[in-house]
Amino acid sequence: MTQLGDLTTQHGTTRVGTASQRNVLLVPLGATEQHGPHLPLSTDTDIAVAWCRAMAQDDDNVLIAPPLPYGSSGEHQSFWGTMSIGQDALETLVVELGRSASESFAAMVFVSGHAGNAQPLSRAVGTLRSEGRSAFALFPQLDGSDAHAGRTETSLMLHLHPDRVDRDRAEAGCTAPLSEILDEMIAGGVGAVAPNGVLGDPAGASADEGAALLSQLVDLGGATLAQAGEETDLGGSGTLP
Ligand SMILES: [Zn+2]
């Protein structure tokens, strides 16, 4: 696993031919936002970083950029500690970062740990692709997962950082399906439907379940890496021939 921040710029000129320009760059996108009474504000960033690390584990040609610890979190703004840069800023940031990164890397995958980044990120990736750049977006789409600070994220954090989960404070929040509460949430934010900030129920969360969820995320990412590889002639998995 290679982190971009650990390399020197020589990495781009000492590799054979244009090898370094054939690397795939993973960019972890997180958030700094409330995650109920039991999970840290960095939860989405932690998950994005772990997801990228797991994807890059066995492939030196997949590099990991430093993470962005802020995202579009307006729906959580009524809770202490939430720091959102909003949709427009995130979209602009990803477009500019992508334009810059494409000078050095064959393809880039923006890996978001926060579902609220989905719309601006999709728009930004659409812009980058319309400019002929090989850009992709990944979101944590997991079958049967709950929305926020519930069993899914609690399990992932119990697997990744058990010392940072305050299990004694874990409690259920709003467990109604998102489709039923969406209008109220758009109007009044997460606090309007879940005073404790939890959309779901952390009961039953476990480190084992978190490990299984992470491997599901890696499978999801593998499909995108393969797509990036095909699109840029890197070979099936993004690995150099
Ligand atoms: Zn989250």
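1. Two residues are in contact if their C-beta atoms, placed from the backbone, lie within 7 Å. Keep that in mind for Leu 29, which touches Ala 48, Leu 68, Gly 71, Phe 110, Val 111, Ser 112, Gly 113, Asn 117 and Leu 121, leaving aside residues up to four places away in sequence.

2. A quick word on the ground rules. This is a predicted model, where local features need pLDDT of at least 70, side-chain atom pairs count only at pLDDT 80 or more, and totals for chains, interfaces and linings use all residues. Residues are numbered from 1 along each chain as its sequence is written.

3. Back to Leu 29, which sits in strand S2 (residues 24–29); helices (H or I, at least four residues) and strands (E, at least two) are DSSP runs, numbered from the N terminus. Leu 29 is buried, because it has 30 other C-beta atoms within 10 Å. The cut-offs are 20 or more such atoms within 10 Å for buried, 12 or fewer for exposed, and partly exposed in between. His 114 is 85 residues from Leu 29 in sequence, yet their C-alpha atoms are 7.5 Å apart in space.

4. Now look at helix H2. Of its 14 residues, 12 are buried, so H2 is largely enclosed by the rest of the structure. Among the buried ones are Trp 51, Cys 52 and Met 55. Their cover includes S2, strand S3 (62–64), strand S4 (107–112), H5 and helix H8 (207–231). The end C-alpha atoms of H2 are 20 Å apart, in agreement with the 20 Å its 14 residues should span at 1.5 Å a residue (the expected span is 1.5 Å times one less than the number of residues).

5. How do H2 and H5 pack, and at what angle? Helix H2 (residues 43–56) and helix H5 (residues 151–160) pack at about 65 degrees, with axes 10 Å apart. Axes here are lines fitted to C-alpha atoms, for helices over the stretch in contact, and angles run from 0 to 180 degrees between N-to-C directions. On the H2 side, Thr 43, Asp 46, Ile 47 and Ala 50 meet Glu 153, Leu 156, Met 157 and Leu 160 of H5.

6. Ala 149 counts as buried, with 30 C-beta neighbours inside 10 Å.

7. Finally, helix H3 (residues 86–101): its buried residues, including Leu 90 and Val 94, pack against S2, S4, helix H4 (118–130) and S5.
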